[in-house]
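Here are my notes on this one, in numbered points. Have a look at the model first, then read on.

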Amino acid sequence: KLDSIAIENNSAIKTLEPLTAFEKIRVVEFYNTSVNSLDILKNFSFLEKLVCSKIPFKSLQPLAGLSNLLSLDCENTGIDDLEPLKNLKNLSVELK
């Protein structure tokens, strides 16, 4: 059972689509890739930690329903609208 995955420093990675087979994953870390959307993560209800730094995505909306998400690190993304996450009461966010 895959519990976590880390993807880094690979601009050839443009989508997280291959992760759909692992919707029960708890930790996803990816940074410095070309992923431009978090849409695929909207069904990852077991996700507890997400690191998505240095990624050119535009919206945190796909994370809005992830009630188990406890930690989000999205440094150097240009994201500044946390409104979609307002109902995630246990979430700690790092934007720097």
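How many Å apart are the mean positions of the positive and negative charges of the protein chain?

1. The answer is 2 Å, for 11 positive and 13 negative charges. Lys and Arg count as positive, Asp and Glu as negative, with His and the chain ends not counted; each charge is placed at NZ of Lys, CZ of Arg, CG of Asp or CD of Glu.

2. Some ground rules: this is a predicted model, where local features need pLDDT of at least 70, side-chain atom pairs count only at pLDDT 80 or more, and totals for chains, interfaces and linings use all residues. Residues are numbered from 1 along each chain as its sequence is written, and side-chain values use heavy atoms, leaving out hydrogens and water.

3. On secondary structure, the protein chain has 0 helices and 5 strands, in the order β-β-β-β-β. These are DSSP runs (helices H or I, at least four residues; strands E, at least two), numbered from the N terminus.

4. The radius of gyration of the protein chain is 12 Å, which agrees with the value near 12 Å for a compact globule of 96 residues. That radius is taken over C-alpha atoms, and the globule rule is 2.2 Å times the number of residues to the power 0.38. The C-alpha trace spans about 35 × 30 × 15 Å along its principal axes.

5. Of the 96 residues, 36% are buried (under 20% relative accessible area; exposed is over 50%, partly exposed in between, with a 1.4 Å probe and protein chains only). Pro18, in the loop between β1 (4–10) and β2 (27–33), is exposed at 59%.
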